[in-house]
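Here is a briefing on a two-chain model. Look over the sequence and structure first, then read the points by topic.

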Number of protein chains: 2
Amino acid sequence: MMTPIEVFQQKINGALAELPVLGEPAGLYQPIVYALDQGGKRVRPLLTLLANEMFGGAADTAMPAAIAIEIFHNFTLLHDDVIDQAPLKRGKETIYKKWNLNTAILSGDTMFAIAYGRLSQSDPRLLPGLMKVFTDTAIEVCEGQQYDIDFEDSNQITIPAYLNMIRLKTAVLLAASLKIGALSADASPEDCENIYQCGENLGMAFQLQDDLLDAFGETDLFGKKTGGDIVANKKTYLYLKTYEKASVEDKKQLDNWYAQTTNDDDKKIEEVLKLYRKYAAKEETEGLITQYYDLALQRLGAVAVSDERKAPLLELAKNLLKREY
Amino acid sequence: MMTPIEVFQQKINGALAELPVLGEPAGLYQPIVYALDQGGKRVRPLLTLLANEMFGGAADTAMPAAIAIEIFHNFTLLHDDVIDQAPLKRGKETIYKKWNLNTAILSGDTMFAIAYGRLSQSDPRLLPGLMKVFTDTAIEVCEGQQYDIDFEDSNQITIPAYLNMIRLKTAVLLAASLKIGALSADASPEDCENIYQCGENLGMAFQLQDDLLDAFGETDLFGKKTGGDIVANKKTYLYLKTYEKASVEDKKQLDNWYAQTTNDDDKKIEEVLKLYRKYAAKEETEGLITQYYDLALQRLGAVAVSDERKAPLLELAKNLLKREY
C-alpha cells in the first residue's frame, strides 16, 4: 500500500505529465518537458498538499498552486544552471548544455509564465492571497541567487549574511509551499504564519545539511564526489565557521586555497577538510541544523490542529533531513 | 495644455518611478531601475489606459495592470538583448553589456515577478480574467521569440509563418494591452474581442512598418543606420516577398547575400535594396500595412461606444504608424 506521501507524489507527477506543453514551437516546449521530467521527490508541492490536508483542505483545491510551485522551482533550477554554467544535474545534461543558452533563457521564461498560468486556475477567492505569497517568494529567490553571485567575488561574507542568502535562495520557497497549502485550506492567519516559519527553519536545516553532505557525505548515487563546494571556492557555513575560529596561520591557509583553482583538486579538498576537522566545522554545522530543526518542530507544534493530523508532515520533515526525499 | 495621451504618459512614468525596486541587493535592482528608466513612449500601458477610458473605466482601476504590462515588456526586451547579443538599444548600453549575462538573466526574471506583483494589485474581482490574458500573452511572446530564433537558421520560411511570428512576438501584446484595459472597465465580451483584434492588426501594421523603416527609412535619431535587418540576414516580409517574386537568377543573388556576412555591409545593403526595389517590396509592404491598419480601424469601428470616445485611441493608432509614438 502506498503511504499518503506516495499518493500525493503520484498525483503531482500525473498533473505535471498532463500539462499541455507539448505544442509548437518544439524548440521551446521540448526543453520544458525535459526539465519537468527530471524526477526528484517533488518536495515543494508535497509540502503544499500535506499542509493543505493537515488543515482539512481538499487536495484538488491546492493542486494548481502546488503544481505552480514545482514548475517555478524547476524554472529557477534551469536559469541557475546557466548562471552556474553547470553541465550536469543529477547525472543528466542540463538544458543549457543539451540545447543552448538562448533555449535555456527562453524556455525558462516560458515555464515561469506557465507556473502563473497554473496558479491562476486556483479558486478565484484564494487567488489574490496566493499570488501575493507566490510573487513575494519568487522575488526573494531571485534576491538569494543574486547574493550567491555577489558572494563569489567577496572576501567579506559574514555568517549572518550567508544564512540570509540561503534563507532567500532556498528556505523561503519551502516556507511558501507550506503557507500556500495552509491558505488553500483557509487556515487562520496565526497558523499560516506558524507553518511558514516551520518551513523556513526546515529549509535552513535542509540547506545546511546539503552543505555538510557536500563536504563530509559519501559519494552519491550519481557519482557526484564530495568536496564540490570546496573545489568551487564556495564559502559555505562550514568554511565561514572554520575561518571564524581559525588561527592567523590557518586563516592564511584557507585564503590561499580559496584564492586559486588548482589542478590537484583532491589535495585541495583534503587540506581544507583537515582544517574543517581541526575547528570542528562538522559539529558546529550539525549543531546549527539541530537548532533550526528544533525551531521548525516548535512552530509545527504551535499549529492548532491535532498531532495526528501533523504526522504526515512531520514524517516528511524527518525524511527531508535524512535525505530520503 | 497636455493632451489626454500626455497626461496618461505622465501617470505611467510616475507609477514606474514609484516602484519600490531600489532595495538590496543593488546588483539585482539597479539594472531594473535602469531598464525601466529608458524612456520610450509607454505605448502598451497607454493602450490599456486609453481602452479603459474609452469604455468608461477609472484610470486607477486599470493602472496596476498597465504598469504590469510595461514591466513585462521591458523584461522581454532585456532577455531579447541577451539572445540577440545586442550591445546597444536606443543609443544606450544594454544591461547584458553594461553589467553581464547573469545580471541580465536574473534581473529580467525579477522584473517578470514584479510585473505579476503589480498585476495582483488589481481589483480581486478582475484578477482571474486579467491573469488569463496576461499569462496567455506572455507565453505567446516567448513562442514568437522562439520562432524568430528558429527562423535565423532556416531557409524555408513562408510568408504566413513570418506573419505568425511577428503576430506572436509583437502584435499580441498590443492586443492584450487593449483587452486588459477593456476588461478593467467591464466591457462586454464582444467589445473585448473587437478591441483585442483591433490591437492585433495594429500590431501587425506596426511591426511591418518597423521592417520597412529599417530598409527604407532615414537614419534615425540615435544614428542607427538603415539596413540593419539586411546586414543581420533577417528574413523580413520585404525579403520574403522579394524572394517570392524574384527570377531564378535574382533568387540566387538573394541566397548568396544572405548566406554570408561580408566586410562590405554598404555594398550588401545596396545590392539587396536594389532587388527590393526591382520587385516593389516597399509598395507590397505598404499595401499589407494598409490592409492591417484598415482591419484595425474596422474592429475599432465595431466597438459599441461613441466615435467621440474612440478619438484618443484613434489618435494614438495614427501616431503609432507615423512613428511619433
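The buried residues of α3(A) are covered by elements of chain A that include α1 (4-17), α4 (59-84), α8 (159-184), α9 (189-216) and α15 (307-322). Contact here puts two C-beta atoms, placed from the backbone, within 7 Å. Helices are DSSP runs (H or I, at least four residues), numbered from the N terminus. This is a predicted model: local features need pLDDT of at least 70, side-chain atom pairs count only at pLDDT 80 or more, and totals for chains, interfaces and linings use all residues. Residues are numbered from 1 along each chain as its sequence is written, while chains are lettered from A and ligands numbered from 1 in the order in which they are written.

**Helix α3 of chain A**

- α3(A) covers residues 43-54, twelve residues in total.
- Its first and last C-alpha atoms are 16 Å apart, close to the 16 Å expected at 1.5 Å a residue. The expected span is 1.5 Å times one less than the number of residues.
- Twelve of the twelve residues of α3(A) are buried, so the rest of the structure largely encloses this helix. Buried means 20 or more other C-beta atoms within 10 Å of the residue's own, with C-beta atoms placed from the backbone.
- Among the buried residues are R44(A), P45(A), N52(A) and E53(A).

**Helix α4 of chain B**

- The 26 residues of α4(B) should span 38 Å at 1.5 Å a residue; the end C-alpha atoms are 36 Å apart, which agrees.
- α4(B) bends by about 25° at A65(B). The bend is the angle between axes fitted to the seven residues ending at a residue and the seven starting there.
- Of the 26 residues of α4(B), 20 are buried, so this helix too is largely enclosed by the rest of the structure.

**Contact between the chains**

- Chain B gives 32 residues to the contact, and chain A gives 32 residues.
- On the chain B side, α2 (26-36), α4 (59-84), α6 (101-119) and α7 (127-152) each supply at least two residues.
- α7(B) provides the largest share of that side, 14 residues.

**Symmetry**

- Chain B superposes on chain A by a rotation of 180° with 0.0 Å of shift along its axis (RMSD 0.0 Å).
- The same surface serves both copies: 100% of the contact residues of chain B recur in chain A.

Methods. Copies are superposed by least squares on the C-alpha atoms of residues with pLDDT of at least 70 in both.
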